[in-house]
Amino acid sequence: RQGECEKAIPCFQQALKMRKDSLFAQVHLGESLLNCNLPQQALEVLDGVVAAEPSKISAWLLYASAKSKVGDMHAAIKGYDTALSIDPTNIAALVNGGTCLRDLGQLDTALARFRQAAAIAPRVAEAHYNL
């Protein structure tokens, strides 16, 4: 996957040179940067996406993941909470947000998120992993 993201980044950058307002290219550039372990650069892209399209859940999930990777757990939780305000059943937001809460020592709230995820998606291993 590392090689794929390294190849994708210049493609999405080129797409944005041709069409600066392409949210598709911005989201996928942010995702590629994140997958290449460049979370700060991903945030530079994703900040604009969540501002321009605040109802785009995939952008919020990527944004929150990038915030988590740079160590800003409070901002990551806010991103996951925003994703949950769009879709309260989103397993990624529940599990990843729960992980951030656990890392901050908010164990009861984290456990509630993990239980909620397991109840919504009983066949998804990630939903049970932290219980």
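**Salt bridges, a helix pair and a loop residue**

Arg 102 has a relative accessibility of 33% and therefore counts as partly exposed. The structure described here is a predicted model. In this model, the side chain of Arg 102 forms a salt bridge with the side chain of Asp 103, at a distance of 3.3 Å from N to O.

In the whole structure, the search gives 3 salt bridges. Another of them joins the side chains of Arg 19 and Asp 21, with an N to O distance of 3.2 Å. Both Arg 19 and Asp 21 are exposed.

A further salt bridge links the side chains of Arg 113 and Asp 81, at 2.5 Å from N to O. Arg 113 belongs to helix α7 (residues 107-120) and Asp 81 to helix α5, so this pair ties together parts of the chain that are 32 residues apart in sequence. With a relative accessible area of 14%, Arg 113 is classed as buried, because the limit for this class is under 20%. Asp 81 has a relative accessible area of 31% and is therefore partly exposed.

Helix α4 covers residues 57-69 and helix α5 covers residues 73-86. The angle between the two helices is about 165°, and their axes are 7 Å apart. Because angles over 145 degrees count as roughly antiparallel, α4 and α5 are described as roughly antiparallel to each other. Their crossing is left-handed.

On the α4 side, the contact is made by Ile 57, Trp 60, Leu 61, Tyr 63, Ala 64, Ser 65, Lys 67 and Ser 68. On the α5 side, these residues meet Met 73, Ala 75, Ala 76, Gly 79, Tyr 80, Thr 82, Ala 83 and Ile 86. By type, the residues of this contact comprise 11 nonpolar, 4 polar and 1 charged.

Asn 37 is located in the loop between α2 (23-35) and α3 (39-52). Although Asn 37 is not a glycine, its phi is positive, at about 60°. The relative accessible area of Asn 37 is 54%, and this residue is therefore exposed, the limit for that class being over 50%.

Conventions: Residues numbered from 1 in each chain as written. Predicted model: local features only at pLDDT ≥ 70, side-chain atom pairs only at ≥ 80, totals over all residues. Heavy atoms only, no water. Axes fitted to C-alpha atoms, helices over the stretch in contact; angles between N-to-C directions. Helix = DSSP H or I, 4+ residues; strand = E, 2+ residues; numbered from the N terminus. Parallel < 35°, antiparallel > 145°, perpendicular 65-115°, else oblique. Left-handed = near helix turned anticlockwise from the far one by under 90°. Contact = heavy atoms within 4.5 Å. Nonpolar A, V, L, I, M, F, W, Y, C, P; charged D, E, K, R; others polar. Salt bridge = Lys/Arg side-chain N within 4 Å of Asp/Glu carboxyl O. Buried < 20%, exposed > 50% of the residue type's maximum accessible area, 1.4 Å probe, protein only.
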